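Let's take a friendly walk through a protein model, looking at how its side chains meet. Keep the picture open beside you as you read.

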Amino acid sequence: MNGTGPGVHDAHKNGGDPEAPLAGTGHGPTRPPTPSSQPSLPSWLLNPNDPAILELTLPALLTLVADPMLSMATSVFVGQTGPTPLAALGINTSLFALCFSLFNFLATATTPLVATALQAGNGEQAGRTVLQGLALAVVLGLGLALALTAGSDAALGVMGVAPEAGDLFLQSRDYLTVRALAAPAVLLESVAQGALYGMRDMRTPLYVTAGANALNLGLGWLLVLHLGWGVKGAALATAAAEAASAVAYLTVLHGRRGMLGDLAPRLLLAPPPSAGPNGTPPPQELLPAGASLLTRTALLLGSKTAAAAAAARLGAAPAAAHHIVLQVWLLDSFLTDALAVAGQTLVASHLGAGGSVGLRSARAVSDRLLQLGVGGSAVLALALAALGPAFPAAFTSDPGVLSGVHAIWGLALALLPLNGAVYVLDGVLAGASDFDFLAQAMVLSALCTVAGLELSGHLEAGLLGVWWALAALMASRLATLSWRYAAPAGPLGAKRGPGAES
């Protein structure tokens, strides 16, 4: 069994002491350092929570970047067969990224719910969450596969590819109908990965992802280049790798069923608990949590899509400039999303321990994650600023595109530290299972984005106006999330429930 060591499920072995480290680990809910253990360096350079954060963040980061790196290799294979297959691959890559992003809530909800239940010693509730997620993944995955295959023409039409496009349309449809068959496997992967993150095991997902990517790479070379199956071969290679990954994840979960109430089917069919231990509120269920996160994700994707559409209406050069600068935000999101994943796991684990010590520990690790997220994003912004025109010049030499990049470059870099805070706070509040608030806050942020885009169009502010609308999106998210994080009655506030006074 690979992982970061025994996880939060061992906490109950410590006699229920929320201050005790998790059994078999070198870290647990963080105690306030004693004077003798104070580091010689300032706390913003060296923090007691850093070992736990690093242990979770680094494997999560490598897992996050593995798929984009492999996508580049697949593009190289397909690109050698001609421009039309490469275009078909690019269209489908965007389509599937959009579809699967909508179902990210499966992992985002599973991680904190499993971590909290295991830390509280409630393996059956953790198993119930995992079984609910797996069942939901099968149902949603089959529905998505059916929708994409039966409605392939309509789906490609949304991406701007009509039957009149000829060979591009045919090759795009070939890829779509093959790759869509793996949709259930992809969603099963998402649930299983979230469950393992909830167990504080970030390494197994990394190993599974690396193995699946190696299989995809080998099959891609064989099917695309050696056998000449073109873009359909690329789709088959990716689908086979995703199916193998799902089988690997399910095998791992089966091996750990003992800590998940044996994953007995009765857990899925049993009524939800009416109360938690010691009179605490009942644990959250996956379905309502998932509904809130789905709402949040759909609104966020809709806001970003509206901004991309507004940039596209300005013409080819502004749209290209918009895409280039978005790559900077994408790079920043990889770095801070890994911190957000660690935040989900650690915050849920500390809060699951209960009591005032668990609450203080959750708050301490959240504060440190915010320092790292904002600081890392600021360093990235300064590094890109120092590069000057070299970064955008790596993408294009077109004067019109470079002019558009220059117009928004300063604003985009200035927003990076703000983005870092938003991504981390989002993960922290998800770790606190504050799913309903995340959905409600995103409604306000989406309205701010739409208002910004409308005002930009009315003022004919061009691409800079579009990016000010994106600034409104991120600023409103920061305002709402920061308010919730600081609120005394919030999930990490001083007035949080009766358990906080224990």
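Are Trp329 and Trp467 buried or exposed? Trp329 is buried, and Trp467 is buried as well. Keep in mind as we go that this model is predicted.

Two aromatic rings are described by how far apart their centres are and by the angle between their planes. For Trp329 and Trp467, the centres are 4.9 Å apart and the planes stand at 75 degrees, an edge-to-face pair. Trp329 belongs to helix α12 (residues 316–353) and Trp467 to helix α18, so this pair ties together parts that are 138 residues apart in sequence.

Helix α18 takes part in another ring pair. The rings of Phe437 and Trp483 have centres 6.0 Å apart and planes at 35 degrees, so this pair counts as tilted. Here Phe437 sits in helix α17 and Trp483 in helix α18, 46 residues apart, and the pair links distant parts of the chain. In total, the structure holds six aromatic pairs. Elsewhere, ring pairs gather Phe96, Phe100 and Tyr175 into a cluster, and Arg179 lies over the face of Phe96, 4.8 Å from the ring centre.

Now let's turn to charged side chains. How many salt bridges does the structure hold? There are ten. One of them joins Arg368 and Asp50, with N and O 2.7 Å apart. Arg368 lies in helix α13 (residues 355–387) and Asp50 in helix α1 (residues 50–79), so the bridge ties together parts 318 residues apart in sequence. Arg368 is buried, with a relative accessible area of 3%, and Asp50 counts as buried at 16%.

Asp367 is partly exposed at 34%, and Arg363 is partly exposed at 24%. Arg363 has another contact too: this residue lies over the face of Tyr485, at 3.9 Å from the ring centre.

Our last stop is the salt bridge between Arg484 and Asp434, 2.6 Å from N to O. Arg484 is in helix α18 (residues 462–486), whereas Asp434 is in the loop between α16 and α17, so the bridge ties together parts 50 residues apart in sequence. Asp434 counts as buried, at 9% relative accessibility. Finally, salt bridges with shared partners join Arg296, Asp426 and Arg477 into one network.

Conventions
Residues numbered from 1 in each chain as written. Predicted model: local features only at pLDDT ≥ 70, side-chain atom pairs only at ≥ 80, totals over all residues. Heavy atoms only, no water. Salt bridge = Lys/Arg side-chain N within 4 Å of Asp/Glu carboxyl O. Helix = DSSP H or I, 4+ residues; strand = E, 2+ residues; numbered from the N terminus. Buried < 20%, exposed > 50% of the residue type's maximum accessible area, 1.4 Å probe, protein only. Phe/Tyr/Trp six-rings, centres within 6.5 Å; stacked < 30°, edge-to-face > 60°. Lys NZ or Arg CZ within 6 Å of the ring centre and 35° of its normal.
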